[in-house]
Amino acid sequence: MRTVRTSDRVLSNVLRGRSSSRSTHRPTAQPPLQVVILAAGMGTRLGRDHPKPLTPLHDGRTILRRQLDGLRTVLGADVPITAVVGYRCEMIMQAAPDLTFVYNPDFAVTNTSKSLLRALCHSRDGGVLWLNGDVVFDPAVLELALPFLREDQSFVCVDTNTVADEEVKYTLDGEGFVHELSKTVVGGLGEAVGINFVSAADKSALIEHLGACDVQDYFERGMETAIDQRGLRFRPVDISRFAAVEVDFEADLQRANTLLPGTLNHVVDDVAAVAEVG
């Protein structure tokens, strides 16, 4: 049974200006929204023997379970979610059997551009919200993005509080849309946090440019070339007042647990549940 944390539910209601004791109705993004979680990588920098999305957090949930709880709380319990899997894929499939799965057989030699490409090619009509499988985020980030999802406006969630050299950075064009998007950007205005949306109208162009990426390119390379060559317009959605942490290293995991402690109502240990798999 899926557990939705009381703290997340209360937060969602407060953001809508309602008391948590009133109606529990949650708005849903207009169909045909679909969600993709990129979970194929080996996560070698964190040094675990299981897929990084199955890393336990201090609140008892794994990264993946916290993502799923947040997505379903904000977007609706029935929002379709696909996970792109690769490394030790059976563990993720066992931990979240209610998802749809796309397999990247080349997970050991390809980067996120090719995993996203596989997911978009298998998606149905409509826009796609996608996130990296190692992002721990406040559900309020999704609340902030709801108007753009309803408008079917492509976007990139960004944090302007920090601009670290090793992270994906961005600049804007004269109209306020994303212009550059990569780790090598000079003069970046902030960091992309790994939560993005491509509209129905823009999806085919993004697929084309992801297909042209090198196997070791991040998906941001496909976005950047589609912006430059096809005129795609990704709106930056500034989520800086809320927490979102990509967990690459042990220090990131500690930061995620500090900024997003959650509430431990039930212990959910997806890793232990599938320890005998693989």
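Glu208 is partly exposed, with a relative accessible area of 46%, in what is a predicted model. The side chains of Glu208 and Arg230 form a salt bridge, with an N to O distance of 2.5 Å, and this pair connects distant parts of the chain, since Glu208 lies in helix H6 and Arg230 in helix H7, 22 residues apart. Arg230, at 44% relative accessibility, likewise counts as partly exposed.

## Packing of H6 against H7

Helix H6 (residues 203-211) and helix H7 (residues 219-230) pack with their axes 8 Å apart and at an angle of about 120 degrees, and the two helices are therefore oblique to each other. The crossing in which H6 passes H7 is right-handed. On the H6 side the contact is made by Ala205, Leu206, Glu208, His209 and Leu210, while H7 contributes Phe219, Gly222, Met223, Thr225, Ala226, Gln229 and Arg230.

Because Arg221 and Glu224 are three residues apart in H7, about one helical turn separates them. Arg221 is partly exposed, with a relative accessible area of 42%, whereas Glu224 counts as buried at 15% relative accessibility.

## Other salt bridges

Across the whole structure, a search finds 10 salt bridges. One of them joins the side chains of Asp248 and Lys52, at 3.3 Å from N to O; the two residues belong to distant parts of the chain, 196 residues apart, with Asp248 in the loop between strand E11 (244-246) and helix H8 (250-259) and Lys52 in the loop between strand E1 (34-39) and helix H2 (63-75). Asp248 is buried, with a relative accessible area of 9%, and Lys52 counts as buried at 12% relative accessibility.

Ala119 is placed in helix H4 (residues 112-122) and, at 4% relative accessibility, counts as buried. When neighbours within four places in sequence are left aside, Ala119 is in contact with Val36, Val84 and Val102. The C-alpha atoms of Ala119 and Trp130, which are 11 residues apart along the chain, are separated by 9.4 Å.

In helix H5 (residues 140-150), the buried residues include Ala140, Val141, Leu142, Glu143, Ala145, Leu146 and Leu149. H5 is followed by Asp152, which has a positive phi, near 55 degrees.

Notes. Residues are numbered from 1 along each chain as its sequence is written. This is a predicted model: local features need pLDDT of at least 70, side-chain atom pairs count only at pLDDT 80 or more; totals for chains, interfaces and linings use all residues. Side-chain values use heavy atoms; hydrogens and water are left out. Axes are lines fitted to C-alpha atoms, for helices over the stretch in contact, and angles run from 0 to 180 degrees between N-to-C directions. Helices (H or I, at least four residues) and strands (E, at least two) are DSSP runs, numbered from the N terminus. Angles under 35 degrees count as roughly parallel, over 145 as roughly antiparallel, 65 to 115 as roughly perpendicular and the rest as oblique. A crossing is left-handed if the near helix is turned anticlockwise from the far one by less than a right angle, and right-handed if clockwise. Contact means heavy atoms within 4.5 Å. Buried means under 20% relative accessible area, exposed over 50%, partly exposed in between (1.4 Å probe, protein chains only). A salt bridge is a side-chain nitrogen of Lys or Arg within 4 Å of a carboxyl oxygen of Asp or Glu.
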